[in-house]
Amino acid sequence: MKKFKIIFVYILSLIAIVVLTIGIYMLIVAVQEKLFVSEEYLMWIFKYPASRLVFIYEIYLFAGFFYIFKKEFREMGTGAYSAKDNFLKKHRRQIIPIFITLNIALFYVIVSAVTVITNSKIIDYSFLSPQGREYNYNDVVSINTGVYGKKLYIPFTHSKGDFFYIIELKDGSKIDLTEVGGVKNEEHEVFIIEKLDSELVKMNVPKVSSMENFKYSTEHLDKIYTDKIRNILENTN
């Protein structure tokens with residue numbers, strides 16, 4: 001009975017951690033939309049790799065879980081860990097402000113990683129440029145698009161069958177339009193990317209496109225979406 005209770009508590013805690021992580025992500029997205037997204041947007045991007053830094057908060061939640069439910073974790077200041085524990089206690093006044101400052105910086109980096117796409121321009125925000133840099137579509141110098149194939153990717157980065165559409169701007173900035181934060185009228189992003197792609201190809205923007213792994217996208221997407229992806233991949237200069 002005791003083991004069943006422990007397992008039950010662990011399962012509930014893990015579910016709570018996942019739910020809280022999703023909640024944190026949704027809160028960040030809401031803050032981004034409020035601060036950076038204008039009314040005339042078509043779609044906006046939560047840029048990679050900053051978007052994946054949200055999982056650091058999940059690590060914090062796991063650490064809190066172990067601190068609450070694992071006695072060994074709370075008592076790791078004894079024995080072999082005593083020197084480390086003493087160091088933390090001795091320098092606590094310095095460590096706490098540093099930890100808070102680093103997390104404020106982390107939140108700022110995550111929240112500011114936004115690119116807004118409108119009918120006439122691209123506005124790219126970052127931790128170095130919170131006011132945003134504006135680009136015309138003429139400033140897009142290249143396109144790289146395709147589908148990720150069989151490869152061992154770092155967790156929470158990319159997966160087999162994921163569609164990507166990366167534009168490079170004149171200053172060397174690269175933005176994957178499939179890293180979507182939000183889309184106007186909740187339209188699926190591939191429909192908007194198809195329209196943008198058509199305009200960019202008409203403007204003779206150099207485009208590298210590969211159908212090599214297209215079949216993997218059909219494993220998890222409906223035909224209405226894979227048809228649009230096929231149109232994008234086959235639309236070349």
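## Basis

The model is predicted: local features need pLDDT of at least 70 and side-chain atom pairs count only at pLDDT 80 or more, while totals for chains, interfaces and linings use all residues. Residues are numbered from 1 along each chain as its sequence is written, and side-chain values use heavy atoms, with hydrogens and water left out.

Helices (H or I, at least four residues) and strands (E, at least two) are DSSP runs, numbered from the N terminus.

## The open sheet

Five strands form an open sheet with antiparallel pairing, in the order S4-S3-S2-S1-S8; two strands pair if DSSP finds at least two bridges between them. Strand S4 (133-136) and strand S8 (180-183) are the edge strands, each pairing on one side only. On average, neighbouring strands of this sheet are turned by 20 degrees against each other, direction ignored. Axes here are lines fitted to C-alpha atoms, for helices over the stretch in contact, and angles run from 0 to 180 degrees between N-to-C directions.

Strand S1 (residues 41-46) pairs with S8 over three bridges and with S2 over five bridges, antiparallel in the latter case too. Trp 44 has a bridge partner in each of these strands: Gly 182 in S8 and Val 116 in S2. Helix H6 packs on the sheet and touches S1, strand S2 (114-118) and S8, its direction making about 110 degrees with that of S1.

Five of the five residues of S2 are buried, so S2 is largely enclosed by the rest of the structure. Buried means under 20% relative accessible area, exposed over 50%, and partly exposed in between, with a 1.4 Å probe and protein chains only. In a regular strand the side chains alternate between the two faces of the sheet. In S2, Val 114, Val 116 and Thr 118 lie on one side, and Thr 115 and Ile 117 on the other; both faces are covered. S2 and strand S3 (residues 121-124) run antiparallel and are joined by three bridges, and the two strands form a hairpin with two residues between them. Val 116 has Ile 123 as its bridge partner in S3.

Thr 115 counts as buried at 0% relative accessibility. Its side chain makes a polar contact with the side chain of Asp 124 (2.6 Å). A polar contact is a pair of N or O atoms within 3.5 Å; within protein, one must be able to donate a hydrogen and the other to accept it, and residues adjacent in sequence count only if both atoms are side-chain atoms. Leaving aside neighbours within four places in sequence, the contacts of Thr 115 (heavy atoms within 4.5 Å) include Met 43, Trp 44, Ile 45 and Ile 175.

## Helix H8

The buried residues of H8 are Thr 226, Ile 229, Ile 232 and Leu 233. They cover an arc of only 115 degrees around the axis, which puts them on the same side of H8; the arc is that of the directions from the helix axis to the C-beta atoms. These buried residues pack against strand S5 (140-147), strand S6 (163-169), helix H6 (189-202), strand S9 (207-209) and helix H7 (214-217).

## Backbone features

Most residues other than glycine have a negative phi, and most peptide bonds are trans. The peptide bond from Tyr 48 to Pro 49 is cis, with omega near 5 degrees. Pro 49 is placed in the loop between S1 and helix H2 (55-69).

Asn 204, in the loop between H6 and S9, has a positive phi of about 65 degrees although it is not a glycine. Asn 204 is exposed, with a relative accessible area of 60%.
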